[in-house]
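Biologist: Could you take me through the reading of a nonpolar core, an aromatic pair and a buried polar residue, one after another?

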Amino acid sequence: MTRARSLGKPFLRSLRVKGHGVMLQRSIVMALLMLLATPAAAEWHLPCLFGLLGGCSTVIPLSREYAARPVQPLNPQAALEEVNAFRAKYGLNALVLDTRLSRAATIQSNDQARRDAMGHRGSDGSTIMDRAERVGYRPRVVAENVAYGLKSYSDVMRGWEKSSGHRENLLRPEVTAIGVAMAKTRSERAYWTLVLGAEIQARK
């Protein structure tokens with residue numbers, strides 16, 4: 001029986017764009033290609049989904065050694081620094097941690113871990129826009145990246161950086177803040193969620 005490591009499709013929702021803004025991608029994480037030739041007890045799926053029309057997936061084997069590692073605790077400040085370091089390479093503004101966006105991320109990570117199923121739509125039918133608004137955030141634009149099975153936020157970031165749609169969310173020039181969360185299933189499978197957003201400014 002194998003375990004899966006997966007990056008979910010990125011999600012973007014903006015008040016300026018109708019629909020879910022589904023981005024299609026077929027990405028291969030080049031840094032992990034060396035593992036293709038080694039025995040594997042796990043797989044990492046990079047799905048490129050076509051909305052309701054179906055989808056495809058790139059599968060990259062992972063080593064038994066990696067599969068046996070414990071999940072590293074999430075350090076939100078360190079996660080923020082990784083996001084900002086990546087954005088700085090492209091001359092983009094630094095982001096800040098927003099406790100409301102972190103609550104929105106926590107809602108989705110907990111929900112995915114409880115169901116042991118990855119996705120952007122909550123078990124109650126909620127979207128990332130719904131969850132952001134529920135925690136008191138007034139989103140002008142909001143985006144979400146998810147992943148499961150990976151052992152640390154740094155590993156998740158490396159995968160997102162090399163996946164075109166997730167990378168696009170990380171490099172959105174209009175966002176100003178992030179929230180991040182991780183939750184585990186009873187079997188210790190980790191579900192990671194990153195929410196990026198920019199809030200509607202109150203009129204003066």
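The dialogue below treats these topics in turn, for a model that is predicted.

Biologist: Which residues touch the most other members of the largest nonpolar core?

Modeller: Among the 25 residues of that core, Tyr-153, Trp-160 and Leu-194 touch the most other members. Helix 2 (76–88), strand 6 (139–148), helix 5 (153–161), strand 7 (177–184) and strand 8 (190–199) are the elements that give two or more residues to this core, and strand 8 supplies the largest share, five residues. Another core, of 12 residues, lies apart from it and includes Ala-104, Ala-105, Val-142 and Ala-177.

Biologist: How are the rings of Tyr-153 and Trp-160 placed, and why is the pair called edge-to-face?

Modeller: A pair of aromatic rings is described by the distance of the centres and the angle of the planes. For Tyr-153 and Trp-160 the centres are 6.1 Å apart and the planes stand at 80°, so the pair is edge-to-face, since planes over 60 degrees apart count as such.

Biologist: Is Thr-193 buried or exposed, and what does its side chain join in a polar contact?

Modeller: Burial is judged from relative accessibility, with under 20% as the cut-off; Thr-193, in strand 8, has 1% and therefore counts as buried. Its side chain is joined to that of Ser-109 by a polar contact of 2.8 Å. Thr-193 also lies 5.8 Å from Asn-145, C-alpha to C-alpha, although the two are 48 residues apart in sequence.

How values were computed: Residues are numbered from 1 along each chain as its sequence is written. This is a predicted model: local features need pLDDT of at least 70, side-chain atom pairs count only at pLDDT 80 or more; totals for chains, interfaces and linings use all residues. Side-chain values use heavy atoms; hydrogens and water are left out. A nonpolar core is a set of buried Ala, Val, Leu, Ile, Met, Phe, Trp, Tyr and Cys residues joined through side-chain atoms within 4.5 Å. Buried means under 20% relative accessible area, exposed over 50%, partly exposed in between (1.4 Å probe, protein chains only). Helices (H or I, at least four residues) and strands (E, at least two) are DSSP runs, numbered from the N terminus. A polar contact is a pair of N or O atoms within 3.5 Å; within protein, one must be able to donate a hydrogen and the other to accept it, and residues adjacent in sequence count only if both atoms are side-chain atoms. Rings of Phe, Tyr and Trp (its six-membered ring) pair if their centres lie within 6.5 Å; planes under 30 degrees apart count as stacked, over 60 as edge-to-face and the rest as tilted.
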